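Me: I am new to this structure and would like to go through the terms used for it. Please set each value against its definition.

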Amino acid sequence: MERDLLRQSVSYHGENLMLLLKCEQSENPDFKRVAADLSKTLNQSVRIVSEAHAVMPPLEQFMEVCFEERRELFYRDVERGDVVIGRINSVRDFGLFITLLCTAGGLERDIEDLEIKALCPLRCVPSTGNHDDPLSYYQIGDLLRAGVKGIDRYHEKLTLSLYSSSLPPHLDKVKLGVISKEDLPLHYTYVNVTADSSQTYEKLLESSLGLSNPLNVDYLLGKLGVSDTQTPSLMRGLQSKHFKEDDFATAIRKKQSVSWALKCVKVGVGHFKSRRYVEAMNEYNKALEIDTNNVEALVARGALYATKGSLMKAIDDFELALENCPTHRNAKKYLCQTLVERGGQLEEEEKLVTAEGLYKRAIVLDNTFQGAAEALEKLQLRIQKSLELKEQEAAKEQEKTKTVETSAEKLRKILKEEKRMKKKRKRSTSSSTSSDTSSTSSDDSSSTSRKKSKKRKHKRRRSSHGSKKHKRRASSCSDKTVDDDIEWFPAPANTSASYIDQKQSISKLISEGEQSWEKSRCEDGRGRLDDAIDRSLENLKHGAQSEASRPGRPDVNGEVTDQHRTQSISECARNRRDSSSTQSEYSQKSDRYSKEFSLQGRKRSESERGGNEKMDKGERNSHDQDDGRKSSGGSLKKDIPSNLLDIFSQIAEFEKEKKLQK
Amino acid sequence: MSTQASTSGSVNEARGRRSAEDVEDSKKHFRVCRFIIDTGVKLGMRSVPMATACALYHRFFQSASLQVYEPYLVAMSAIYLAGKVEEQHLRTRDIINVCHRYFHPESEPLELDGKFWELRDSIVQCELLILRQLNFQVSFEHPHKYLLQYLLSVRSLLNRHAWSRTPIAETALAVLKDSYHGSVCVRHKPQHLALTSLYLALQTYGVQLPRGELEWWQVVCADITKAQIETIMSELLQLYDMEAKCT
């Protein structure tokens with residue numbers, strides 16, 4: 001161990017390093033040799049302090065104020081709640097006597113040589129656990145930090161306490177009790193230093209690091225409680241009352257930005273009128289960069305979006321403009337118009353409820369807007385009609401289901417059992433309410449379908465079965481999550497586009513269905529069907545929801561469909577959707593959307609995707625709907641297990657007979 | 001004799017003229033410094049950057065002539081430069097806005113046209129001129145940190161109630177800020193200025209400090225004498241008189 005290097009580092013780091021070295025290197029013979037020297041070095045070094053400001057010893061000391069005066073001043077100025085540090089000089093049975101060394105909080109005085117004695121009575125000494133007698137913990141010569149509890153200024157008596165309750169709230173983190181030399185406050189340490197080397201205040205100040213801290217002015221101003229930007233002045237003209245708020249830089253800048261932004265908006269409107277939409281958009285964006293939330297720019301941009309057809313963006317812009325300026329006439333007018341237009345769009349997509357909401361909002365905004373009121377009335381009539389039809393359908397359904405053969409009831413019982421089994425593993429989602437809406441929507445779709453082609457009755461029955469089951473399940477609080485499907489269905493089944501072929505024989509379908517069944521667990525077969533039906537309806541619901549409530553967020557549906565690992569099930573689901581959706585464009589549109597998203601999200605073979613697209617195209621062209629329906633019906637059969645398939649065929653036959661009977 | 005008399009007369013005259021000019025100049029400087037401090041407050045400048053701006057201005061005109069350089073332009077550039085030096089960067093746009101409004105009260109903000117850019121260019125050019133005039137020595141040591149340290153030390157000498165009763169810190173800082181109206185800020189050491197401000201504040205309120213072998217100000221600043229303190233104090237007080245004359 002190099003003596004000089006050690007000495008250098010020990011004198012820099014101080015006693016901490018010394019202690020560590022002693023602990024770790026006590027066996028090292030080299031260290032033992034230099035240890036003696038090091039302890040000498042330590043005594044001579046001064047700990048370097050990195051403070052926000054220079055910590056100076058009390059000024060008294062430099063001033064060499066006389067003994068009497070210092071004593072007098074101390075007793076005048078010490079207050080309850082000050083912290084003092086002293087050395088125990090005797091332990092009596094009624095308390096501790098302490099000779100004060102220095103002050104540690106509240107006052108900063110040079111009191112070491114004043115020989116001020118204080119008493120810490122027994123009741124102010126907290127017990128230290130094991131010891132019965134709290135005083136036995138303390139010994140003569142210990143350094144003690146205590147709070148001043150009572151002062152008798154006339155008799156010059158101090159009472160101390162070791163309980164932190166004696167300290168004011170801002171000092172209650174201070175630890176009272178026995179301390180070591182490291183905890184002595186800095187100004188006291190400096191006192192010792194200056195006594196030896198007779199440094200002047202100035203020299204000490206200059207040498208301290210805290211003075212070179214560039215931020216010490218801010219810190220000290222804060223400490224002294226003076227604001228930096230509002231510093232006081234004694235000049236008459238600089239008094240704060242002479243400064244007007246409008247003259248400040250930020251206020252002027254804001255006004256300037258607004259007027260610059262308006263200029264840009266004017267140029268942009270010029271472009272807009274001459275149909276130069278791209279330049280107009282550039283100008284508006286520039287204006288919004290200069291001054292975000294500029295009302296005029298937002299309104300103009302919204303109008304541009306509305307003209308181009310991005311109605312949702314237009315609505316966003318108008319809303320933002322109205323937030324900033326609720327009385328902007330143009331914003332209101334344009335917003336009403338856009339809302340009505342958007343409502344019209346949604347109506348065509350059969351999102352009747354959302355459309356209604358939009359119309360109502362438009363009316364709220366501006367109740368003189370004729371178009372909104374008319375559109376709302378029309379829409380409400382339409383909703384009413386559809387509701388009436390739904391009720392009729394529901395009534396008819398109720399009658400029909402009562403007369404179904406026991407085979408259907410058997411099926412239901414089987415399904416119920418499955419449901420109960422799986423109840424424990426299901427996580428509850430918030431889909432119970434939405435499943436109700438989905439069931440109503442599917443009912444709605446099934447009811448409207450009844451009016452149309454008879455060919456589809458076959459599948460519609462099945463769909464109503466499915467929806468009934470789903471309703472039952474919903475009512476029995478069976479909440480399904482898509483995650484369950486992942487558990488149950490490990491491997492995707494092999495698929496081909498052959499199911500699109502309408503002339504596929506049922507036997508082939510059954511065999512394929514059995515094949516796919518063998519891949520999964522036997523007892524889960526029925527569960528799969530459940531899942532398929534549920535999921536299909538969930539997809540429908542998701543599709544509907546996403547379209548209705550969040551018109552710009554296809555992710556939800558995409559996520560839902562992403563999780564369909566088993567292709568057969570997903571196809572079944574999709575086909576379910578196909579079968580349950582009818583000529584009602586509402587569900588059809590949702591199918592399209594959900595199919596689109598499922599297309600995006602799914603990792604399928606190309607053939608399947610081609611098949612899907614074919615299916616989609618079939619859907620989109622209304623005259624191909626029948627084909628689509630038939631093929632979906634055919635492919636649906638593929639996935640049903642043999643026993644269930646028999647049941648279904650029985651049901652189908654039965655219903656056919658009924659039809660014929662009618 | 002007559003020539004001597006005439007020359008001494010003319011010298012006296014010249015001296016008189018010069019002192020009259022000086023008086024006029026100092027009034028002009030006072031007004032411009034008032035402009036700097038006013039603008040600084042409106043820009044939200046902290047005390048040290050504002051002090052730097054004034055110091056830059058005074059030092060510039062110690063060696064330059066008011067006839068040659070437009071003082072208000074120099075002032076604006078000094079503000080800009082001081083913001084950079086003291087790490088409180090100010091935008092020229094804000095400086096121009098505030099200054100324009102100072103000279104044309106209640107006016108609309110300037111348009112972003114050619115005139116605006118020309119103003120901005122002139123500020124930037126003048127900044128370079130100031131740098132060259134001052135030999136690129138633009139870092140100053142200000143009295144503020146010394147004053148604050150002294151305040152802390154003096155606070156420990158006083159009874160805490162007496163301290164909270166009398167606004168010693170605010171007054172001392174106010175005196176220091178006002179001292180930048182005149183060139184006293186660049187003609188004395190920062191420690192002396194700090195000390196004098198504190199001394200003035202204490203004397204104003206009649207605060208008694210304990211006496212030891214040394215006075216507190218002797219301890220704080222070893223090389224200052226009572227006479228020096230008195231001189232600086234009178235200069236500071238003259239500034240307050242000048243306010244009445246100038247504004």
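Me: What does UniProt list for "repeat: TPR" in chain A?
Reply: The unreviewed entry lists residues 261-294 and 295-328 of chain A. UniProt positions are given in the numbering used here, feature names are shortened, and annotations may be inferred rather than shown by experiment. This is a predicted model, in which local features need pLDDT of at least 70 and side-chain atom pairs count only at pLDDT 80 or more, while totals for chains, interfaces and linings use all residues. Residues are numbered from 1 along each chain as its sequence is written, chains are lettered from A and ligands numbered from 1 in the order in which they are written, and side-chain values use heavy atoms, with hydrogens and water left out.

Me: How much helix and strand do residues 261-294 of chain A hold?
Reply: Helices (H or I, at least four residues) and strands (E, at least two) are DSSP runs, numbered from the N terminus. By that rule residues 261-294 of chain A are 79% helix and 0% strand, with end C-alpha atoms 7 Å apart. For residues 295-328 of chain A the values are 82% helix and 0% strand, and the end C-alpha atoms lie 8 Å apart. Chain A as a whole has 27 helices and 6 strands.

Me: Why is A:Val174 called partly exposed?
Reply: Buried means under 20% relative accessible area, exposed over 50%, and partly exposed in between (1.4 Å probe, protein chains only). A:Val174 has a relative accessible area of 25%, so A:Val174 is partly exposed. A:Val174 sits in the loop between S5 and strand S6 (177-179) of chain A.

Me: What does A:Val174 touch, not counting residues up to four places away in sequence?
Reply: Contact means heavy atoms within 4.5 Å. A:Val174 touches A:Val83, A:Arg145 and A:Leu167 on that count.

Me: Why does B:His181 count as buried?
Reply: B:His181 has 1% relative accessibility and therefore counts as buried. The residues in contact with B:His181, beyond its neighbours within four places in sequence, include A:Met235 and A:Leu238 as well as B:His29, B:Phe30 and B:Leu239. The place of B:His181 is the loop between H8 and helix H9 (184-187) of chain B.

Me: What makes the pair B:His181 and B:Arg34 a polar contact?
Reply: A polar contact is a pair of N or O atoms within 3.5 Å; within protein, one must be able to donate a hydrogen and the other to accept it, and residues adjacent in sequence count only if both atoms are side-chain atoms. The side chains of B:His181 and B:Arg34 are joined by a polar contact of 3.1 Å. A polar atom of the B:His181 side chain also lies 3.0 Å from the backbone oxygen of B:Asp178.

Me: How do you know that A:Asp247 and B:Arg101 form a salt bridge?
Reply: A salt bridge is a side-chain nitrogen of Lys or Arg within 4 Å of a carboxyl oxygen of Asp or Glu. The closest N and O atoms of A:Asp247 and B:Arg101 are 2.6 Å apart, and the pair forms a salt bridge. The rule finds 6 salt bridges across the interface of chain B and chain A. H6(B) gives the most to the side of chain B that touches chain A, with 13 residues.

Me: How much area do chain B and chain A bury between them?
Reply: Buried area is the accessible area (1.4 Å probe) that two parts lose on being put together, summed over both. For chain B and chain A that comes to about 5,700 Å², 57% of it on carbon and sulfur atoms. The contact takes 67 residues from chain B and 57 residues from chain A.
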